Amino acid sequence: MLKIDRRLIKNFDWVTFGLILAITLIGIATIYSATRLPVEGMDGSQPDFYLKQMLWLCISIIALFAVVMIDYVWFYRLAYIFYAIGLILLIAVLIAGKSSLGAQRWLNLGFIAFQPSEFFRLAFIMAFSSYLVNKNLYERIPLSCVFVFGIIPLFLIILQPDLGTGILLISLFVILSVMRGLSRKIITLAVIVSLISIPFLGHIFWENMKDYQKNRLIAFADPEVDPSGIGYHINQSKVAIGSGSFIGKGYLKGTQGPLRFLPEKHTDFIFSVFSEEWGFLGSMALFSLYIVLFLRGLDTAKKAKDEFGKLVATGIVSMFFIYFLVNTGMTLGIMPVVGVPLPFMSYGGTALLSNFVAAGVLINIRTRRFELFY
Amino acid sequence: MFEKRIKIATWVVIAIFVLLGVRIWHLQIINGDKYRLMSENNRLRIIKTPAPRGIIFDRNNIPLVKNIPVFSVSINPENISLIDRGALAEILAISVDEINDKFDKKDNSSFVPIKLKQGLGFVEVSKIEARKSDFPGLFVETEIGREYIYGKTGGHVIGYLGKITPDQIKNPELKNFPPDALIGQWGIEALYDSSLRGTPGERIIEVDAIGRELRLVQHRQAVKGNDIILSIDINIQHAVEESFGEKAGSLVAVKPSTGEILALESLPSFDPNLFASGVMSADWRALIEDKKKPMLNRALQSQYPPGSTFKIITAIAALEEKVITPEAKVYCSGGISFGKWTFGCWKKGGHGSVNLHKALVESCDVYFYEVGKRLGIDRIHKYATSLGLGQPTGVSLYPIKERSGLIPSTIWKKEKRKQQWYLGETYNASIGQGYVTTTPVQMAVMLASVLNGGNVYTPTFIKDATPNLVRSFKISDATSRLVKEALSGVVNEAGGTARSAHSSITIIGGKTGTAQVVSKGKEAGGRFNDHAWFVAFAPVENPEIAMTVFVEHGGHGGATAAPIAKKAIEAYFKKPKTEQQKQNAKN
């Protein structure tokens with residue numbers, strides 16, 4: 001199962017690795033700035049978020065190399081088992097989950113608390129990809145497929161409720177189906193059906209949403225109403241980014257984060273903090289890293305040696321991209337506030353680990369693109 | 001197929017990046033300046049520190065007011081959902097409804113504190129501070145308020161501070177004031193508000209999102225307002241208030257040589273401390289609706305016939321116009337007949353033969369009927385108006401509107417009443433009855449000008465202010481001396497009507513008067529009793545103080561008003577300083 005040979009080292013995708021490492025380091029620097037004390041010499045000390053994130057980075061890098069070393073054919077073989085475990089964990093979190101902001105997402109294992117949805121989304125990509133490899137979706141999507149990979153996981157996610165993961169799963173389901181060769185006819189039909197069902201699904205979602213989630217949507221639709229100050233937070237994010245102007249206020253010179261005008265300044269709103277300090281130039285530089293990461297990922301999908309690799313790579317890139325879009329869209333005030341982290345930048349140990357593992361799978365696929373099945 | 005769709009995906013990714021880039025460009029480049037300003041406004045807060053108000057002193061440098069901290073309680077709106085409203089209402093001693101009103105107001109912004117109560121004292125504040133932990137977001141602010149050391153004494157003059165009114169906030173000079181600012185609303189406090197007020201200081205601080213102060217960015221000290229030294233003497237005010245007792249009325253004393261007001265009391269008075277921290281509406285209504293009208297400034301706003309005090313004018317006019325000589329005598333048999341009417345003298349048996357001196361000393365009405373007849377109403381009118389009657393004196397005491405009194409004339413009667421003037425009316429006017437009305441402050445100004453040789457000054461409350469000469473109406477020295485001697489006789493000679501004003505400290509001169517109250521029946525001491533006037537000055541040689549005392553329903557001036565004048569004049573000359581006052585003066 002483990003196989004280290006020269007080709008593995010020679011073909012290792014240093015570009016992807018370098019990109020995520022760079023983004024993560026920028027993230028740690030920004031976490032430091034966002035959580036620093038607003039006035040030097042104030043009572044209290046610098047919170048250690050940045051140190052924790054560094055520690056998690058080390059763990060994540062080790063995990064990434066471990067993932068790269070495993071031939072991804074094993075992921076194909078074990079995909080359904082991963083998926084089953086993932087579903088069980090989702091059920092477990094509903095029963096015994098730890099609540100944060102009114103949503104049950106965390107599972108406490110004593111030594112570590114993690115979000116099963118972070119594991120589940122990767123298991124979903126693998127399982128759905130391995131399912132699609134053996135199916136021809138050109139004519140129709142089997143009901144069992146919709147049920148197993150659509151309705152069941154979505155139902156469990158809605159119950160939590162976890163809007164971010166819900167959006168991701170629907171998107172991945174559509175994207176992977178389309179990439180597997182869904183005919184234009186079905187795509188058109190699906191678009192029509194989904195357009196019709198949006199109010200219906202929206203209703204179910206709405207009924208299950210917590211008040212804070214409802215408020216976010218209301219605030220996005222009409223910031224004037226602003227039931228709980230969410231509109232204020234979006235506005236503060238715009239103020240932070242806008243006040244960065246062309247070259248930014250300078251590192252450690254941002255005010256919106258340390259003075260707590262931004263909520264979740266080191267997690268969901270980390271881009272606002274970065275953009276305030278580094279301005280338009282810095283933001284464009286950061287975006288360049290991301291765009292290269294995504295395009296490289298898509299290239300990996302194109303070059304993957306088998307169907308499974310292609311689909312998994314597509315799924316992982318899509319996941320990164322959707323999170324990136326939803327997060328930056330929120331901070332820029334052009335999308336509703338959905339609490340998703342910015343991949344690799346936001347503070348959060350298990351999220352970083354899961355993203356590195358996903359990136360590891362991506363690197364794995366690229367690294368082994370010349371290998372043949374043994 | 002897959003490769004084609006990957007290609008499409010690639011373009012989708014690039015397109016979305018372009019969109020995000022445009023959005024960032026829009027925020028940072030196009031609106032960068034706007035957002036930079038907003039972020040500065042976010043973190044910087046300007047806190048005005050109130051300027052200590054100028055102190056108001058009396059003419060002997062005794063402070064009349066003290067600056068004291070007044071407290072107000074506010075709450076940060078983000079905390080109101082956590083508040084037990086009932087308990088809060090209890091410790092603030094306001095009703096739950098009031099709290100509900102303030103909390104549930106529609107225009108509450110989520111970051112501007114809601115002011116719950118103003119004008120709290122130390123005791124209330126310490127109560128609140130003790131229980132503050134039960135009410136997150138509750139905080140106490142300090143403003144500068146006033147303590148009026150002498151309470152009711154001089155209340156009408158000193159006035160009080162009050163919450164700025166919506167109308168006042170429209171005034172461009174006041175438009176930067178916070179909506180709850182305390183500004184002068186009455187009396188000297190209002191009249192000289194802009195000078196007393198000073199310039200508030202400014203502290204620019206950096207705050208975080210929950211409003212915690214993090215660091216001082218800039219600081220400008222508040223500049224204390226200017227002190228004011230009033231011309232009034234608090235000792236006189238105090239003596240006046242004491243000697244009036246329960247009686248209503250007023251006293252105005254001026255310095256004849258300048259028009260400075262040495263004392264002005266209107267009784268009953270009100271305690272400005274009631275208003276000092278923004279008056280409670282119930283107290284205010286009680287004052288407004290009080291039947292005794294404590295908010296009425298009787299010195300400026302009550303006008304009544306001056307009675308015999310007006311004989312001073314008639315006497316001066318007669319001497320100056322030479323319609324009679326000082327020695328010439330008129331026989332008083334107790335009244336004169338005119339047509340079917342009889343005009344009586346107050347002394348039923350008559351005074352016998354009286355000259356000017358005796359006529360003034362004993363206040364013989366018949367003598368003045370006779371000289372009034374010789375003068376005619378228009379000459380009386382000329383002297384009265386020239387010496388300050390029949391028109392506002394120009395004394396300003398916000399927000400009081402001074403009344404102008406009335407000095408009738410033939411022209412006035414023709415224009416206003418469309419009637420000709422009758423001789424009987426001249427008789428009445430000669431002794432200050434009938435149409436003639438004056439205010440106490442006018443009578444004081446009139447007397448001052450008679451004593452200083454005819455200079456009418458606008459009365460002022462500021463010590464050593466440049467005298468504002470309204471008119472100089474020459475009265476001959478001989479006339480002046482004769483009148484002064486006669487007025488001295490009123491107090492100091494046997495048969496004088498104001499013997500009760502005789503003082504061992506100084507020689508007082510004066511003239512009594514009675515304003516008849518038109519009534520169906522007279523009950524002694526009751527509300528149908530006549531109003532008493534007394535005008536007085538001292539010392540007779542070279543007068544330093546001239547005053548009017550008016551006692552509502554006081555009966556005869558000699559009995560009730562004269563002793564009050566005597567007390568006031570003695571207070572002026574004695575200038576006793578209590579230990580407390582010396583202490584205050586030092587501070």
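B:Asn542 is exposed, with a relative accessible area of 64%. The model is a predicted one. Phi of B:Asn542 is near 60°, a positive value in a residue other than glycine. This residue sits in the loop between E20 and E21 of chain B. B:Pro539 lies in the loop between strand E20 (531-538) and strand E21 (545-551) of chain B as well. The peptide bond that leads from B:Ala538 into B:Pro539 is cis, with omega near -20°.

Two other loops of chain B deserve a look. B:Ala93 lies between helix H3 (85-92) and helix H4 (96-103) of chain B. Its phi is positive too, near 55°, and B:Ala93 is not a glycine. B:Ala93 has a relative accessibility of 59%, so it counts as exposed, the cut-off for that class being over 50%. The loop between strand E12 (261-267) and helix H11 (281-289) of chain B holds B:Pro268. The bond from B:Leu267 to B:Pro268 is cis, and its omega is near 0°.

Strands E12, E20 and E21 belong to an open sheet of five strands in chain B. The order is E12-E11-E21-E20-E19, and the pairing is antiparallel. E12 and strand E19 (509-515) of chain B form the edges, each pairing on one side only. From one strand to the next, the twist averages 10°. Seven bridges join E19(B) to E20(B) in the antiparallel sense. Within this pair, B:Gly510 of chain B stands opposite B:Ala536 in E20(B).

Helices lie across the sheet strands. H19(B) lies across E11, E20 and E21 of chain B, at about 150° to E21(B).

The largest nonpolar core has 121 residues. Those touching the most other members are B:Leu230, B:Leu251, B:Tyr367, B:Phe461, B:Phe534, B:Met547 and B:Val549. Helix H19 (residues 440-451) of chain B gives the largest share of this core, eight residues. Domain 1 (43-64 + 149-230) and domain 3 (234-271 + 278-574) of chain B each supply at least three residues. B:Leu230 touches, among others not counting residues up to four places away in sequence, B:Ile56, B:Phe57, B:Leu64, B:Val157, B:Ile188 and B:Phe461. Its contacts also include B:Asp58, B:Arg59 and B:Lys463. A second, separate core has 94 residues, including A:Leu122, A:Ile125, A:Ile322 and A:Ala358.

How values were computed
Residues numbered from 1 in each chain as written. Chains lettered and ligands numbered in written order. Predicted model: local features only at pLDDT ≥ 70, side-chain atom pairs only at ≥ 80, totals over all residues. Heavy atoms only, no water. Core = buried A, V, L, I, M, F, W, Y, C linked by side-chain atoms within 4.5 Å. Buried < 20%, exposed > 50% of the residue type's maximum accessible area, 1.4 Å probe, protein only. Helix = DSSP H or I, 4+ residues; strand = E, 2+ residues; numbered from the N terminus. Domains from an automatic or database assignment. Contact = heavy atoms within 4.5 Å. Pairing = 2+ DSSP bridges. Axes fitted to C-alpha atoms, helices over the stretch in contact; angles between N-to-C directions.
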